[in-house]
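Here are my notes for you, as numbered points. Please keep the model open beside them and look up each residue as you read.

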Amino acid sequence: MSVLTRDEAQTRARLLDVHRYAIELDLTTGDETFDSRTVIEFTARADADTFVEIKPAELRSVTLDGQPLDPDTLDGERLPLKNLTAGEHELRVDAAMRYSRTGEGMHRFTDPTDGETYLYTQLAMDDCKQVFPAFDQPDLKAVFDLSVTAPEGWTVLANGITEHLGDGRWQAARTPLIPTYLVALAAGPWHSVRTEHRGLPFGIHCRRSLAPHLDADADELLQVTRQCFDRFHEKFDEPYPFDSYDQAFVPEFNAGAMENPGLVTFRDEFVFRSAVTDTERQTRAMVIAHEMAHMWFGDLVTLRWWDDIWLNESFAEYMGYQICAEATRFGDTWVDFGVARKAWGYDADQRPSTHPVAPEGVEDTASAMLNFDGISYAKGASALRQLVAWLGEKDFLAGINTHFARHKFANATLADFIDSLATATERDVHAWADTWLRTTGVDTLTPAVTPGDNGTYTLTVDHAGSRPHRIAVGLYDQDLGDDEGHLTLRERLDLDVPQSAPQPIGKRPALLLLNDGDLTYAKVRFDTGSFETVRARLAGLPDPLTRAVVWNALRDAVRDGELAATAYLETARTHLPHETDLAIVQGVLAFASTQVADQYLPAEQRPAALSTLSALCRDLIRRTEDGDNPGLRLIAVRHFIGVAAHPDTIAAWLADGTVPGGPELDPELRWRVLGRLAALGAVDEAAIAAELERDPSASGQEGAARCRAALPDEDAKARAWEAMFATDEGTDLSNHMLTATAQGFWQPEQADLLRQYVPRFYKDAVALAARRGPAIAAAVGRYAFPVYAVDADSLRLGEECLRDDEPIPALRRRLADQLDDLARALRVREAQEG
């Protein structure tokens, strides 16, 4: 598998201007391949050789300026174009292309519910070669004319408005200049809800089997879309640059969503078929806003090369949360960002694989793909939030609008963006970019409170790191007569770090909190008195974003070995029953169960941890018996199932079809219960088969695979392993079925049974990744890794694999990150034992 290097891309960009692609796809030629006929019109600026990328099942014919080229000259995935002369050229390619089952290229899915088939493209960052030939790099933009022949009864969606010409033939409107990786197609018997807004056609689409669930949420989905669309037009001078706005919820999607202009694709788990919390609805709204932001950041103005991924993702991440908070009913999105997304960034930034938000030296597309991570998303968004706090939103938006005006329908770099910002402010944004975007790691801020005169104190912030920070410092007092433990905000001070002088704070507060409001990206610590207040009165803090900052600080302290994992559990046990913010409850319970109980505590302490978490969830369930907070109750029920050490209670729920007092067990909860019962050895294959008959949907198929892999039985484990790592291409699992199987396989309770598979994982994963490519490599590295084997032998085996077995880059990065997390878990255990 060849990858495009930056040097090759720069050379080709100097040589070529690409004008137009005319692509004809025939989707009626069978289940394995489709026909792809393409005409590329381009100009060569000089006499030279170059190449076009294509990965065909069969390359039938190639002509350049009417002269045939030999298809056998195809070298891997590159078709050489020799002896080009300066001037205009036309390349014609006729090929058969393979459908994908990995979520890359043209993915094909048959719905087990009704037998209907659906196709969609995912071409980022270099998979358009699996659909049509292309000069595949982001700075060779072109216009695209797409025509499609599809089975009767299908609808074809694309970047532009599509017209059905009859006889299964569809024509999409010509696009403006866009890069190859954003060309999009979705074809099948879609269920669609259509409307119009501000003169543009809007549509939402899903599989027919999900139609009732899409219809139930259509008003909310379209309202959020309209609200975000209008808010972006208030902020940006450039209007939405495309002719329509379709959102397709597609099956077996690898990412959360993809920003194809005019046709955003989402994973169809966002079409909720079971009960969800308001935080999950908020996440969906944020993703809608995030992808819409890309219509400007990435689609209108496109990065020149993949070292500027942050110009796409950091901005979309920041804008997604900010616009959602401003324009929709979900006003507390930054709390969820602080609890969930920011932790993703902090974790990534403390691994050996860390990189700057805006890295230099991204040599090829394989390296670039690895940077779609918590740094490019969460850290980059945090940096932009800090930039807005420092610069002011007015100047920030003025710089952005200058950037759009200068580079619309073209390409831009970090330097271009900083130059645009500089037109709107007197501040040194170039220096800011150097310190924030070109450096790695997480700064740590620690307060030192010093007594002064007349019972007053001053604050000095110890700054471990190199970045300047503009933060708020919250001073909180407690009423000694308040048995409820409430804390009152006395004052919130603005502070620049490094400081020019100690900051007077008056009398000593009960709690001094650095980065109150979460406007910067840094780990924060507590002085001794504040830490005692946190342990006693965390739930008494009045603002959820403040509590999120505190919980993140406690999480960081556990991961750094400065706070005992058991102390974190005790704090959660004390304060979480009083928490009102769903994102905080979800985030704390997730960390407490999957990190603290499952990895940071030794096996002999895990039962006590599960008991603590079960009691905590029971408290939350009791607290919500009146039905006032169904979202909180749902979170508590889900986590109670996940930490159940004994089957009796949840087995009774499954038998009755309901939790006493609600909720009734919908398909998601039923599979969740069955999965935990399978891990505990309390169900058998017959029970799983019966549940699958009850729910034969795609989600049901995944649920059954997860349950079967979780069974504590040697034969079940052997079958699951063979399904994941089989070498027969005819039995390869799809990306989502492989993920589901992997999620069920490793269970902390089954360490003895699974020990033999730990050394097998590394060899088998390397071979599978090499055969099936980056998407499967990422899934195997993330979900099939033996994360519960927290011991020195597993670490040694992994290090030997990285040294000796040459995993492809996507797997190497995943393994390196997993092994660093494993080493951290070992250090946390050692710190607690010491």
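1. Strand S22 (residues 444-451) and strand S23 (residues 457-464) run antiparallel and are joined by 8 bridges. Strands here are DSSP runs of E with at least two residues, and helices are runs of H or I with at least four residues, both numbered from the N terminus. Two strands pair if DSSP finds at least two bridges between them. S22 and S23 form a hairpin with 5 residues between them, and in the turn Asn 454 has a positive phi of about 55°.

2. A word on the source: this is a predicted model, where local features need pLDDT of at least 70 and side-chain atom pairs count only at pLDDT 80 or more, while totals for chains, interfaces and linings use all residues. Residues are numbered from 1 along each chain as its sequence is written, and side-chain values use heavy atoms, with hydrogens and water left out.

3. Now follow S23 to another partner. S23 and S26 pair in the antiparallel sense over 3 bridges, and Leu 459 stands opposite Gln 503 in S26. In the loop between strand S25 (487-497) and strand S26 (503-506) you will find Pro 498. The peptide bond that joins Val 497 and Pro 498 is cis, with omega about 5°.

4. Another cis peptide bond joins Gly 662 and Pro 663, with omega about 5°. Pro 663 sits in the loop between helix H17 (648-656) and helix H18 (667-679).

5. Phe 409 is not a glycine, yet its phi is positive, about 60°. Look for Phe 409 in the loop between helix H8 (393-407) and strand S21 (410-412).

6. Asn 515 lies in the loop between strand S27 (511-514) and strand S28 (523-524). With a relative accessible area of 2%, Asn 515 is buried.

7. Finally, visit His 89 in strand S7 (residues 87-98). His 89 counts as buried because its relative accessibility is 8%. Beyond its neighbours within four places in sequence, His 89 is in contact (heavy atoms within 4.5 Å) with residues including Ile 40, Phe 42 and Leu 64. A polar atom of the His 89 side chain lies 2.6 Å from the backbone oxygen of Thr 85.

How values were computed. Buried < 20%, exposed > 50% of the residue type's maximum accessible area, 1.4 Å probe, protein only. Polar contact = N/O pair within 3.5 Å; in protein donor to acceptor, adjacent residues only side chain to side chain.
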